[in-house]
Amino acid sequence: MEERVSRQNSLFHPYCVLVPDKPITNPIYNLMAIVIDPTILAIIHQHNHILCVSHVNPDGDAYGSLLGMGWILRHLGKNPVLAMQDRTPTEFRYLPGSGQIINPSAVANTYDLIICLDASSADRMGTVFRAEAHAPIPLLVIDHHITNTRFGTVNWIAPDCVATCQMLVYLAQALDVPLAGPLAECLLTGLVTDTLGFRTSNTTTTVMETALQLMVGGANLPNIVARTLSRRSVRVFQLWGVVLADLHLEEGVIWVTISREQMKRAGTNRDDGQLSSMLITAAEADISATFTEKVDETGQVAVECSFRAKPGYDVGALAFELGGGGHPPASGCTLPGTLAEVSQRVVTALKAAHQQQAALK
Ligand code: AMP
Ligand code: MN
Ligand code: MN
């Protein structure tokens, strides 16, 4: 397999353990804080003209952490430029600062520093990151995916955090940036979306305390939930109606395929309403998958795979083996090939993983 760590001399800081750091001045609780390596704080302090980027197919944590980092840097008197491969979908346009996100063609070649948020490998930045022009620029990677390939010059990877936005709460505290106003709104969005509204198995009291602190800072939880998790286009339901007619359940694995034709006819603009998260609620299944046909930038037919697992099962490892990434309960990858070929091959691998993992229970 291809070597997926692309930069030499990467620092690996396994800051996964939450320990009491310094007394936090919080009106309600003395929060536990994460100890952040001084290298990370120093690289931020030392640079001014900073490009921030997140991942393709962005979710709430991608937007929350990108925009949140923008607010942190502006508070420090710096000049951040925020870029994303994709156009901001309607559901995230309420986020303060979203109007300032630029597309890849507006990204320059020269910055002092690049900060990559919530992306587990370099390819996830899409065409915002130009390998040749941007390679000499220091790259700070801040991410919570256990599958992160540590592709930065400096890497801060915290798989114990439920969202990259949780890491930014600790970063803001370490940099003495108040968790209030637009910053609080952006960071709570990532916490809400990556935990599916504080329902995932990694939602600890620490996560709830973090969320509470953001709400004390002014973030509006009901508004964030209403704008993100509790909002779908009717077209998404129409797509579900079509694709769920051909739902498969075998050996604890539930899955559907979505063709380009079905997507086009429903007119959902590539949004499947997180169908894999819906499928994993099936009582009879431990692993769910959706396979969505797409054509990539080069005109090649490829399939986007999205996986979910119930507690006690892990789909992160398989996604990583297939060249993608994610977390034990939620992961994904993109594979070349037709919908029929890819779904058949991957379902076989998912069933094997299910059998192996069920035996360990
Ligand atoms: P999704 O199924 O798109 O909601 O993604 C679930 C999780 O898997 C997220 O943490 C994504 O960052 C990750 N993921 C999805 N697709 C890919 C991919 N092609 N490469 C790496 N990680 C992915
Ligand atoms: Mn994300
Ligand atoms: Mn995330």
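Biologist: In strand 5, which residue is the bridge partner of Ile114?

Modeller: The bridge partner of Ile114 in strand 5 is Leu139. This is a predicted model, in which local features need pLDDT of at least 70, side-chain atom pairs count only at pLDDT 80 or more, and totals for chains, interfaces and linings use all residues. Residues are numbered from 1 along each chain as its sequence is written, chains are lettered from A and ligands numbered from 1 in the order in which they are written, and side-chain values use heavy atoms, without hydrogens and water.

Biologist: What makes strand 4 and strand 5 a pair?

Modeller: Two strands pair if DSSP finds at least two bridges between them; strands are DSSP runs of E with at least two residues, and helices are runs of H or I with at least four, numbered from the N terminus. Strand 4 and strand 5 (residues 139-143) are joined by 4 bridges and run parallel, so they are a pair. Strand 2 (residues 49-53) is also joined to strand 4 by 4 bridges, in parallel.

Biologist: Why is Asp118 called buried?

Modeller: Buried means under 20% relative accessible area, exposed over 50% and partly exposed in between (1.4 Å probe, protein chains only). Asp118 has 2% relative accessibility, so Asp118 counts as buried. Asp61, at 0%, is buried as well.

Biologist: How do you know which residues coordinate the manganese ion (ligand 3)?

Modeller: Donors are N, O and S atoms within 2.8 Å of the metal (3.2 Å for Na, K and Ca); water is not among the atoms, so sites may look incomplete. Asp61 (OD), Asp118 (OD), His144 (NE2) and Asp194 (OD) lie at 2.2 to 2.3 Å and coordinate this ion.
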